[in-house]
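Dear colleague,

I am handing over the structure below, and my notes on what was found in it follow directly after. Please read them with the structure open beside you.

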Amino acid sequence: MRKGAALVLFPFWVVVFICCMQLQAGDGKVLQQVPCYFIFGDSLADNGNNNFLSTTAKVNHRPYGIDFPSGPTGRFCNGRTTVDIIAELLGFNNYIPPFATAKGRKILSGVNYASGSAGILNETGRHMGVHISMDGQLKNHQITISRIAKILGTNRSAAAKYLNKCLYSVGMGSNDFINNYFETKYYPTSRRYTPEQYAKVLAVQYFKQLKTLYSYGARKIALFGVGLIGCAPNSLSLHGATNGSTCVDAMNNAAQIFNQNLKLIVNRLNKTKTDADFVYVDGMAHAAEALSYGFKVLDAGCCQVGSSGQCIPFKTPCQNRSEYVFWDAFHPTEAVNRITARLSYNVLFPSKTDLHRDHHGHGSHPIEL
């Protein structure tokens, strides 16, 4: 696992946005930089949407949330997720609410649609139960747009103009490998496609979905590449490291092929949707860089896990959580999320790094619940 440098892409809107929005309030806090933040993704971003679904991918119990102010919320982490921390860096005073419970005017600040076990393909993750795939998350966003139009007392066209100003983050693809392609017990995908062919299948579907998101008014979209999925404890347990590597190379290689396709998608969308900016965030490089920060435990989760790879309910986790890369068999600890969130934020807003510092030993104001 080598230290990697993040791929930095600075579209014109980012430069203009930084110049216009790099303001501070009188108390030193950074002012909110976008009016709204919409989040699409999987368990890396889910903050409660799966709580209400019939699924084994549900974590609204201890020890999840042990380091989160309000305890277990449905976040697949001991504390804050990457998107939680990005919301802090963006200047939001509250975390972006999950679609399942978002109500009233709160949705004007954004909605989190992410769902644990979800993927680009609708079939992905079905063996775990009900989830909200990317297609389902887009349908939920349609509902939000209608609600925003009613709140603003305008039509959908006027609501779209409001949505044009928002930031959108989309992090999909991990489960299409973990809970589909490499889950051979339930899915025939790996027997039908080579990694290259499968990456193209995903890319075709993802491209359609992102064009749909654009048609709903999204103009500033951050697209997160798949990270080092082959280094997760669950991957090592099921497949084992190969060729002297400390990770499952086949999984990381397949993810990298997908990421290369995602970069092509970003380039194509930026060429065809000239009034929008799609930014690629190199999740694999960010994960690799996070591993260089001196974590002591790289190949095991902090909590005791069951057969699902998730923490066994109410079991006491490790005490030295800041030394662990992984919280359970799949998901990173808040300590890692703090690093990857900052690296991701720096790609989007490179000149604003010094204005923000994390409040867990890295400075910044605590966000309110």
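His331 is buried, with a relative accessible area of 5% (buried means under 20%, exposed over 50% and partly exposed in between, with a 1.4 Å probe and protein chains only). His331 lies in the loop between β6 (324-326) and α11 (334-348), where helices (H or I, at least four residues) and strands (E, at least two) are DSSP runs numbered from the N terminus. Leaving aside residues up to four places away in sequence, His331 touches Ser43, Leu44, Phe76 and Phe326, contact meaning heavy atoms within 4.5 Å.

This is a predicted model, in which local features need pLDDT of at least 70 and side-chain atom pairs count only at pLDDT 80 or more, while totals for chains, interfaces and linings use all residues. Residues are numbered from 1 along each chain as its sequence is written, and side-chain values use heavy atoms, with hydrogens and water left out.

The largest nonpolar core has 71 residues, and Phe177 is among those with the most contacts inside it; such a core is a set of buried Ala, Val, Leu, Ile, Met, Phe, Trp, Tyr and Cys residues joined through side-chain atoms within 4.5 Å. A second, separate core of 23 residues includes Ile85, Ile86, Ile96 and Phe349.

The axes of helix α3 (residues 134-152) and helix α4 (residues 156-163) come within 9 Å and cross at roughly 105 degrees, the axes being lines fitted to C-alpha atoms over the stretch in contact, with angles from 0 to 180 degrees between N-to-C directions. The residues making this contact include Ile145 of α3 and Tyr162 of α4.

With kind regards
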